[in-house]
Amino acid sequence: MSKLAEFKALEAQLAEQLKQLDAMKNDNELKKEIEFEQKLRGLLAEYSFSLREIKLILDPHARPDRAPAAAGQRKERAVKVYINPNNGERVETKGGNHKVLKAWKEQYGAEAVESWVQ
């Protein structure tokens, strides 16, 4: 596309967006929402509250949006039990770095071995 055609296309998009913006500025519903937000933020500042605190007041059982992660603590991995259907051998592991499990995956393929999980 030539630079001139690209410029004209962008100019047309901008004109359309400006038209939509003007239409929204005259929308009474939008004006009400803006007024409500301004009044709410004024009240929050007046009483030194945050939106998160108000949310917890209105719904005390609601979970916080982001719980701070405990440093250095992870959820303990569950033990997986693999039973080889070819020879009945059993392997219990919490991770995939088990010597026998690696050998099985190399010999039978990872998908086949994962299907052996009990």
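## Nonpolar core

A nonpolar core is a set of buried Ala, Val, Leu, Ile, Met, Phe, Trp, Tyr and Cys residues joined through side-chain atoms within 4.5 Å. Buried means under 20% relative accessible area, exposed over 50%, and partly exposed in between (1.4 Å probe, protein chains only). In this predicted model, local features need pLDDT of at least 70 and side-chain atom pairs count only at pLDDT 80 or more, while totals for chains, interfaces and linings use all residues. Residues are numbered from 1 along each chain as its sequence is written, and side-chain values use heavy atoms, with hydrogens and water left out.

The largest nonpolar core has six residues: Tyr82, Val91, Leu101, Trp104, Val113 and Trp116.

Tryptophan 116 is found in the segment after α5 (110-114); helices (H or I, at least four residues) and strands (E, at least two) are DSSP runs, numbered from the N terminus. The residue counts as buried because its relative accessible area is 10%. Apart from neighbours up to four places away in sequence, tryptophan 116 touches the run Val81, Tyr82, Ile83, Asn84, Pro85 and Asn86, and also Trp104 and Tyr108.

Threonine 93 is buried, with a relative accessible area of 11%. Beyond its neighbours within four places in sequence, threonine 93 is in contact with Ala78, Val79, Lys80, Tyr82, His98 and Leu101.

## Salt bridges

Side chains of opposite charge can pair when their charged atoms come close. The structure holds six salt bridges, each defined by a side-chain nitrogen of Lys or Arg within 4 Å of a carboxyl oxygen of Asp or Glu. One of them joins arginine 41 to glutamate 37, with the closest N and O atoms 3.2 Å apart. Both residues lie in helix α2 (residues 28-47), four residues apart, which is about one turn of the helix. Arginine 41 is partly exposed at 46% relative accessible area, and glutamate 37 is partly exposed at 40%.

Another salt bridge forms between the side chains of glutamate 114 and lysine 80 (4.0 Å, N to O). This pair links distant parts of the chain, with glutamate 114 in helix α5 and lysine 80 in strand β1 (residues 80-83), 34 residues apart. Glutamate 114 also meets lysine 105 in a salt bridge, at 3.2 Å from N to O. The relative accessible area is 33% for glutamate 114, 39% for lysine 80 and 26% for lysine 105. Each value falls in the partly exposed class.

## Nonpolar surface patch

Leu43, Tyr47, Phe49, Ile57 and Leu58 make a nonpolar surface patch of about 570 Å². Helices α2 and α3 (51-58) are the elements that give two or more residues to the patch. Patches are made of residues with over 30% relative accessible area and no salt bridge; like charges are joined within 9 Å, and nonpolar side chains (Val, Leu, Ile, Met, Phe, Trp, Tyr) within 5 Å. Accessible areas come from the Shrake-Rupley method with a 1.4 Å probe, and for residues only the protein chains shown count as cover.

Leucine 43, one of the patch residues, lies in helix α2. Leucine 43 is partly exposed, with a relative accessible area of 46%.

Terms used: Contact means heavy atoms within 4.5 Å.
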